[in-house]
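Here's a short tour to read alongside the 3D view. Take a look at the picture before you start.

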Amino acid sequence: MNGSRSFNDRRVGVAALLALALVWQLMSVLFPMEIVPGVPMVPGWQVVVTRTFLSLSNFWEGGFGIPAASAGTPPSYGVAFLSLLFNSLDTFRRLALGFVIGGGIGFALGLLLSLSEWSNRFVGAPLRFIRALPLLAMIPLFQLWFGIADFGMVVFIAYGVGVIIFTSVINAVPRVPQIYRDNARTLGASKLRTFYTVTVPAILPEVRSAAVIAVGVGWAAALGAEYLGAQSGLGRIVVASEAFGYLDRMFLTAVVIIVYAAISTWLVERGFARLLRWA
Amino acid sequence: MNATVTARRTTPSSSPRPVRWRPRVDVVGLCGVVAMLGVWQAMSVHFGRVVPSPLTVANEMAKNFISAPTFRHYGIADAGYLDAILYTAGNVSMSMIAGGAAGIAFGLLTARRRLLRSALDPIFLTLGTIPIFIAAPFLLLWFGISRFSAVAIVAIYVATIVYAYSQRALYNLSPVYEQYAQTLGADDRRLFWDIMVPGTLPEILGGLRIALAGAWGLAAISELIGSQRGAGKVIQSLANSVDVKAIFCVLLLLGVVAAAIDALMALVISRVTAWNRAGGNDHE
Amino acid sequence: MNETNDRTAIAVHNVTRRFQRTGGGEVIAADNMSLTIPRGEFVCLVGPSGCGKTTMLQMIAGLLAPSEGEIEVDGRKVTGPGPDRGVVFQKDSVFPWMTVIQNIEYGLKCRGVPAAERRALARRYLAHVGLEGLEESWPRELSGGMLKRVAIATVFANGSRVLLLDEPFGALDYVTKHQLYDVLLSLWSEDEQHRTVVFVTHDIDEALLLADRVLVFKAGHIAADLSIDSPRPRNTESLLQPAVVAHKRTMLEHIGLRPSGGTA
């Protein structure tokens, strides 16, 4: 019965999203103004899945024996699909690298500094300030420091993700109830063993919440980094479209990114689900 | 008779709490802050060209705080950092009020209505996932480069966060309080003002605090993408001319103001919800 | 048995209550039950978990509607919760966002009693339950037993003529429990015209110490209706009187336990 109920909830949710898509379509009929000839202010779905999707062919940089769009390859659904696929893969690569590096360093460093109460407090205070720095507004600084190539973007994403995971570890360790640690100690566990058999598992639920937030932040960071200077990726599609007022292309990219974000959040939750079967 | 005040409660929630590690003035934490400044200084010695020293940044801040004639070279008004941060703070406040009100209203409305909840949850989730780098240009093209657009963009994200917190707050409020109030004679109006509002306040305020922390960065970005004033606009103009010490100034100012207001809000929350053990301090 | 007169405080007429079980099927928590409780009587509803005693209490409180039949309190049909029937809940229901004194005043405030008058009343009951000096404390600073004292003071201060208590002392330690029996009984006997009390418990000794009358519930029926004539004040010694021991044996048999131990 519970299962069928949550199934019902999901159906209502899907219906609500469909209704939202319908409202969009309705708006496209009500506001037919165009910014650029042929590009409506509110691009309806019939435009988005045809002309807009085709136009992604323009971002094809060549490969598989198909020359780049700039070399005169005519737009086609096949090329548009390849273009979307490879630009997405570029963004995925940066995001995945940044997420793993930043998350890994943040987690390890957080644990290392939490081995002692003193080091935890020592980094905790400046961390509060560093976390208050607006991440996305720091993109120009990171470009200056690490360049606008892949390296700079990965470092930026890693920083955004790393700060979140690091903070969650630093905050979570002091909150682990002392009774669990005491219990392990009275059973004969050494300090180190208590740390990795009691403290580390106990903070994982909090790290999971942080990781889910970090996925969202990671997408924003990846897009932002690409937006402010990349030769490929979804962010570059957005910035190139914006420059010419192609709202429809931006809209299509937004829909694609929402789907990607949902999938990647689900993946991270799945990953933690195994570790947290007890919780 | 044990009529003395004890902090002990014999409810299941009385599992031993972790000992708080932070005393009022945390000397160790203070040392950490000093160490951070030291690292910064060391970095500036090494990478002088791209990392200005703390002193350089402080000088720049002092010189251009009230008015900054050099800004005119970058094509922006010559008002100083103060004007930029005040403009951004104004945008943030308006977004918090508009987005917060919408988030609280929809969150409370959906908390006890399953059908409405399963309909609105995915919509708010979707809204919250739209990357600001796409949402911002959309609103700017629809409504023009105006303060309204800048505020609306941030308000959307504030609303999605506050929505989730408000909904959970009322959803988790034990029905025993409402039943008890009813048996004591409370009517619907009293149930709302005396039970639901105070009972959900800590979690809603916690959500507002988290939304506020994010709002500064979002406001800066929306200004960076399309505005004539504000911290984001200054960053954008200066980034093009590679003025690192000025970028540092704006970022630090944003960080300091955001951290200060966050601390102030934490204080207000712990006062307003003095009855609550968590006191709003544990919302991270 | 079913007749009502002006001496009757609570009258339950042919009440049935069913619950849908998750995963299908039905549970009958009250099966065509009728009972009358005269004014001023202290009645305990006793029985194992799931026998329907809490369901009955919640229906009298108006927090739960009967599937069939109806309940009258003071001649008026119960349609919802109201201040004429005070409830002390099993869980802690004292509002954590109000101070102790604000909690005790709350019901009076809802009924529009002037501030000075309700403050005086609240102080009187606070003293009566032994918590003077804790007016401005937050509930989180109080122990479980003290929270129950606040809840009892609140319903008595609110002036309800019918009090419904749902396993109020279940989670407390032995000594605290006995202290609270004294508090409850002294407030109950304070009024010239006793208030009617319905007290749900699974603790047979508790029922024998408190009640004028014990109703033993079993699977949605009343299995036994016993008058406890043991003189008040009672103490743990009273439980050893032959008449009380006989009652205890009857109750244990109905619940399904042989007094000598083991299951019947």
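## Ground rules and domains

Domain bounds here come from an automatic or database domain assignment. On that basis, chain A splits into domain 1 (1-30) and domain 2 (43-275). The C-alpha centres of these two domains of chain A sit 28 Å apart.

Keep in mind that this is a predicted model: local features need pLDDT of at least 70, side-chain atom pairs count only at pLDDT 80 or more, and totals for chains, interfaces and linings use all residues. Residues are numbered from 1 along each chain as its sequence is written, while chains are lettered from A and ligands numbered from 1 in the order in which they are written.

## Where the chains touch

How many residues does each chain bring to the contact? Chain B brings 52 residues and chain A brings 54 residues, with two residues counted as in contact if their C-beta atoms, placed from the backbone, lie within 7 Å.

On the side of chain B that touches chain A, α4(B) gives the most, with nine residues. (Helices are DSSP runs of H or I, at least four residues, and strands are runs of E, at least two, numbered from the N terminus.) That side has 38 nonpolar, nine polar and five charged residues. Ala, Val, Leu, Ile, Met, Phe, Trp, Tyr, Cys and Pro count as nonpolar, Asp, Glu, Lys and Arg as charged, and the others, Gly among them, as polar.

## A helix pair in chain B

The axes of α5(B) and α6(B) come within 9 Å and cross at roughly 145°. Axes are lines fitted to C-alpha atoms, for helices over the stretch in contact, and angles run from 0 to 180 degrees between N-to-C directions. Among the residues making this contact are L139(B) and F143(B) of α5(B) and F148(B) of α6(B). By class, the contact of α5(B) with α6(B) has ten nonpolar, one polar and no charged residues.
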